[in-house]
Amino acid sequence: MVYLTLAGAILSEILATTAMKYSEGFSKLWPSVGTAVGYLIAFVLLAQTLKSMSVGTAYAIWSGAGTAVIAVIGMVFLGESASALKILGVLLVIAGVVVLNLGGAH
């Protein structure tokens, strides 16, 4: 259950960050509201996760997975460059998250 809660926190953070891109510096109402609500949900779910998972593991997974997915969204959907070095960086972030998971969620 803890990983499901963490996955919800990650998804909320990804949606909030994507909405922030479309808020144009918080000048558009609905993307700005989506950003605020998404981050609120993300932090609430992350806080729930921390009840049963170590803060270092939970935060590293939350931020690492979010960073990797946002980078991919930027490259695939938002026209950002997709250099070999950038892709390698995303793969290294994913590898780090996997290694942390292998260490356990205690």
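Threonine 49 makes contacts (heavy atoms within 4.5 Å) with Val2, Thr5, Leu6 and Ala58, once residues up to four places away in sequence are set aside. The residue sits in helix H2, and with a relative accessible area of 1% threonine 49 is buried. Buried here is under 20% relative accessible area, exposed is over 50%, and partly exposed is in between, using a 1.4 Å probe and protein chains only. Helices are DSSP runs of H or I with at least four residues, strands are runs of E with at least two, and both are numbered from the N terminus. The model is a predicted one, so local features need pLDDT of at least 70 and side-chain atom pairs count only at pLDDT 80 or more, while totals for chains, interfaces and linings use all residues. Residues are numbered from 1 along each chain as its sequence is written, and side-chain values use heavy atoms, with hydrogens and water left out.

Leucine 45 is also a helix H2 residue. At 24% relative accessible area, leucine 45 comes out as partly exposed. Beyond the neighbours within four places in sequence, leucine 45 is in contact with Thr5, Gly8, Ala9 and Ser12. Leucine 45 and leucine 6 are 39 residues apart in sequence, yet their C-alpha atoms are 6.6 Å apart in space.

On to helix H3, where tryptophan 62 is placed. Tryptophan 62 has a relative accessible area of 6% and is therefore buried. Its contacts, again leaving out neighbours within four places in sequence, are Leu6, Ala9, Ile10, Glu13, Ala42, Phe43 and Leu46. Between tryptophan 62 and glutamate 13 there are 49 residues of sequence separation and 8.5 Å from C-alpha to C-alpha.

What do the buried residues of H1 pack against? Their partners are helix H2 (29–49) and helix H3 (55–77). The buried set in H1 consists of Thr5, Leu6, Ala9, Ile10, Ser12, Glu13, Ile14, Ala16, Thr17 and Ala19. As for spacing, an α-helix has 3.6 residues a turn, so residues three or four places apart point the same way. The length of H1 checks out too: its 21 residues (2–22) should span 30 Å at 1.5 Å a residue, and the end C-alpha atoms are 31 Å apart, which agrees. The expected span is 1.5 Å times one less than the number of residues.

Glutamate 24, found in the loop between H1 and H2, has a positive phi of about 50 degrees although it is not a glycine. Phenylalanine 26 lies in the loop between H1 and H2 as well, and its phi is near 65 degrees, again positive in a residue other than glycine. For context, most residues other than glycine have a negative phi. Phenylalanine 26 counts as exposed because its relative accessibility is 51%.

A salt bridge is a side-chain nitrogen of Lys or Arg within 4 Å of a carboxyl oxygen of Asp or Glu. The structure holds one salt bridge. Lysine 28 is partly exposed, given its 39% relative accessibility.

On the surface, Leu29, Trp30, Val33, Val37 and Ile41 form a nonpolar patch with about 510 Å² of accessible area together. Patches take residues with over 30% relative accessible area and no salt bridge, joining like charges within 9 Å and nonpolar side chains (Val, Leu, Ile, Met, Phe, Trp, Tyr) within 5 Å.

Overall, the protein has four helices and zero strands, in the pattern α-α-α-α along the sequence. Its C-alpha atoms fill a box of roughly 40 × 35 × 15 Å along the principal axes. Of the 106 residues, 31% count as buried. Among contacts between residues at least 6 apart in sequence, 63% join residues at least 24 apart. The accessible surface (Shrake-Rupley, 1.4 Å probe) comes to about 6,400 Å², with 76% belonging to carbon and sulfur atoms.

Confidence is given by pLDDT, the predictor's score for each residue from 0 to 100. The protein averages 93, and 97% of the residues score at least 70. Among the elements, H2 has the highest mean pLDDT (98) and helix H4 (residues 84–102) the lowest (90).
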